[in-house]
Amino acid sequence: MKIIYFFKNLKPIDAVRQFLKQKFFKINKYFPKEETLIEVELAKNKEAKYKKGLYKSKIILAIPKKGLIIVSGVGKNIFQAIESSYQKLKRKLSWKTKT
């Protein structure tokens with residue numbers, strides 16, 4: 001499993017990277033023999049100061065010979081945004097593995 005990070009309007013934080021590694025370690029069980037590529041885009045929306053979600057996360061999971069899964073989430077902090085997109089990714093993965 002390879003993880004690529006993109007930070008927009010944010011400074012790269014080691015705590016965020018560790019949080020992501022911990023989350024994606026669990027996803028690796030779905031594809032133990034395949035080399036998956038995970039792209040994570042994290043952004044802080046400077047224009048939406050008073051809206052619900054200030055932070056956005058987008059996860060792109062590339063699975064060899066099976067395709068792409070793309071999910072996104074928003075939250076009041078970066079960890080909530082990651083958790084939101086991670087839960088969507090888990091639901092999509094459980095649906096894909098059943099069919």
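The model is predicted. The protein has two helices and four strands, and from the N terminus on these elements follow the order β-α-β-β-β-α.

**Overall make-up**

- The protein has 99 residues, and 31% of them count as buried.
- The accessible surface comes to about 6800 Å², with 54% of that surface belonging to carbon and sulfur atoms.
- Of the contacts between residues at least 6 apart in sequence, 49% join residues at least 24 apart.

- N9 sits in the loop between β1 (2–8) and α1.
- The phi angle of N9 is near 60°, which is a positive value in a residue other than glycine.

**Helix α1**

- Helix α1 takes in 14 residues, 14–27.
- The buried residues in α1 include V16, F19, L20, K23, F24 and I27. These residues cover an arc of only 120° around the axis, which puts them on the same side of α1.
- D14, Q18 and F25 are exposed on the other side of α1.
- An α-helix has 3.6 residues a turn, so residues three or four places apart point the same way.

**Salt bridges**

- The count of salt bridges is three.
- K8 and E41 pair through their side chains at 3.4 Å, N to O.
- R17 and D14 form a salt bridge in which the closest N and O atoms are 3.8 Å apart. The two residues are three residues apart in helix α1, so about one helical turn separates them.
- R17 is partly exposed at 29% relative accessibility, whereas D14 is exposed at 55%.
- K23 and E83 meet in a salt bridge at 2.7 Å, N to O. This pair links distant parts of the chain, with K23 in helix α1 and E83 in helix α2 (residues 78–98), 60 residues apart.
- K23 has a relative accessible area of 12%, which is under 20%, so K23 counts as buried. E83, with a relative accessible area of 25%, is partly exposed.

Key. Residues are numbered from 1 along each chain as its sequence is written. This is a predicted model: local features need pLDDT of at least 70, side-chain atom pairs count only at pLDDT 80 or more; totals for chains, interfaces and linings use all residues. Side-chain values use heavy atoms; hydrogens and water are left out. The expected span of a helix is 1.5 Å times one less than its number of residues. Buried means under 20% relative accessible area, exposed over 50%, partly exposed in between (1.4 Å probe, protein chains only). The arc is that of the directions from the helix axis to the C-beta atoms. Contact means heavy atoms within 4.5 Å. Accessible areas come from the Shrake-Rupley method with a 1.4 Å probe; for residues, only the protein chains shown count as cover. A salt bridge is a side-chain nitrogen of Lys or Arg within 4 Å of a carboxyl oxygen of Asp or Glu.
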